[in-house]
Amino acid sequence: MKRPLLFFLVAVTGLAWPVVAHGAEPSQPKSAAAQQSRYVYGEWRIQIRPDKLKEYAQLIETKGLPLFREAGGRMVGWWTTMVGDLYEHITIWEYDDMAAFEQAGQKLGADKRFAEFVSLRDPLLDGETNCFLRLTDFADKPALPEQSKIVIHEVHRVPLARRDAYLKYMQSEGLALLNRHGFRPVGPWVVNVGASWSNVTYLFRFDSLREREDLIAGFTQHNDARQYAAKIGELTDDVTTRILMPGKFAHPSTKTQP
């Protein structure tokens with residue numbers, strides 16, 4: 001059943017804002033696009049016991065991050081959830097390819113410090129899932145680390161039969177349209193392994209929730225918003241979002257990325 005246009009104006013532009021290609025340009029040099037498409041991005045969603053949030057954050061800061069970086073991972077961000085699963089952390093790490101991730105895992109597996117870290121970490125968790133994503137060759141690449149104070153994590157669920165049309169639209173019109181109205185996205189990412197191939201992921205970057213609200217308010221008054229919402233409604237089955245804030249231990253204003 002088709003959902004009304006108003007739903008998409010609210011869900012896609014209002015409550016689900018995180019897809020704006022900041023400076024995304026389809027015409028990247030071939031070599032740069034080829035290199036970008038080889039990178040993989042591990043996304044971990046970590047469920048923490050409600051009474052262990054502070055202890056977990058301290059453990060990640062003091063023991064986890066140094067090990068992950070030594071093993072070769074490049075952190076995009078480590079966030080806590082403001083709207084969504086309130087006991088969830090989300091972190092994304094960049095690797096040159098899956099072989100580089102495998103090498104990082106082998107290095108950690110041979111490190112006694114990592115075994116100690118795991119023994120301290122696991123009792124603090126309620127669960128953990130991960131998947132690997134790859135940027136499309138026209139996507140805006142994330143900074144390392146991302147510096148925004150607020151991030152909207154947005155997933156578009158696109159039936160495989162419509163994914164080519166969806167990506168073509170986002171490359172030729174969608175991202176440029178969002179960029180014209182001041183949105184700053186990272187992505188799109190598509191699934192490499194570990195999640196549904198229908199998922200297309202974005203991170204929308206904001207300095208504050210007020211900035212987000214102001215951008216959405218201006219956008220919804222423009223015909224571009226109706227055009228975008230109609231196209232997203234035609235090509236996707238669903239859009240989900242969560243609001244993320246950088247963990248205090250990971251924010252670049254207080255920590256320097258090695």
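Does Glu 43 count as buried or exposed, and at what relative accessibility? Glu 43 counts as buried, because its relative accessibility is 4% and the cut-off for buried is under 20%. The model shown here is predicted.

- In general, strands of a sheet pair through backbone hydrogen bonds, either parallel or antiparallel.
- E2 and strand E8 (residues 238–246) pair in the antiparallel sense over 4 bridges.
- Within that pairing, Met 245 in E8 is the bridge partner of Thr 80.

- Strand E1 (residues 40–48) pairs with E3 in the antiparallel sense over 8 bridges. Gln 47 has Glu 88 of E3 as its bridge partner.
- Strand E2 (residues 74–83) also pairs with E3 in the antiparallel sense, over 6 bridges. Here Arg 74 stands opposite Glu 94.
- E2 and E3 form a hairpin with 4 residues between them. In the turn, Gly 84 has a positive phi of about 140°.

**Helix H7**

- Helix H7 has 12 residues, 209–220. At 1.5 Å a residue it should span 16 Å, and its end C-alpha atoms are 16 Å apart, which agrees.
- Its buried residues are Glu 211, Arg 212, Leu 215, Ile 216 and Phe 219.
- Seen down the axis of H7, these buried residues fall within an arc of 130°, so they line one face of the helix.
- The general rule is that an α-helix has 3.6 residues a turn, so residues three or four places apart point the same way.
- The cover over the buried residues of H7 includes strand E5 (150–157), helix H6 (160–180), strand E7 (199–206) and helix H8 (223–235).

**Salt bridges**

- Glu 43 forms a salt bridge with Arg 45, with the closest N and O atoms 3.2 Å apart. Arg 45 counts as partly exposed, at 23% relative accessibility.
- Asp 238 forms a salt bridge with Arg 157, with the closest N and O atoms 3.8 Å apart. Asp 238 lies in strand E8 and Arg 157 in strand E5, so the pair ties together parts that are 81 residues apart in sequence.
- Both residues of that pair count as partly exposed: Asp 238 has 30% relative accessibility, and Arg 157 has 31%.
- Arg 180 and Asp 224 meet through their side chains in a salt bridge of 3.4 Å, N to O. This pair links distant parts of the chain, 44 residues apart, with Arg 180 in helix H6 and Asp 224 in helix H8.
- Arg 180 is exposed, with a relative accessible area of 57%, whereas Asp 224 counts as buried at 10% relative accessibility.
- A network of salt bridges links Arg 74, Glu 94, Asp 96 and Lys 141.

Technical notes. Residues numbered from 1 in each chain as written. Predicted model: local features only at pLDDT ≥ 70, side-chain atom pairs only at ≥ 80, totals over all residues. Heavy atoms only, no water. Pairing = 2+ DSSP bridges. Helix = DSSP H or I, 4+ residues; strand = E, 2+ residues; numbered from the N terminus. Expected span 1.5 Å × (residues − 1). Buried < 20%, exposed > 50% of the residue type's maximum accessible area, 1.4 Å probe, protein only. Arc of directions from axis to C-beta. Contact = heavy atoms within 4.5 Å. Salt bridge = Lys/Arg side-chain N within 4 Å of Asp/Glu carboxyl O.
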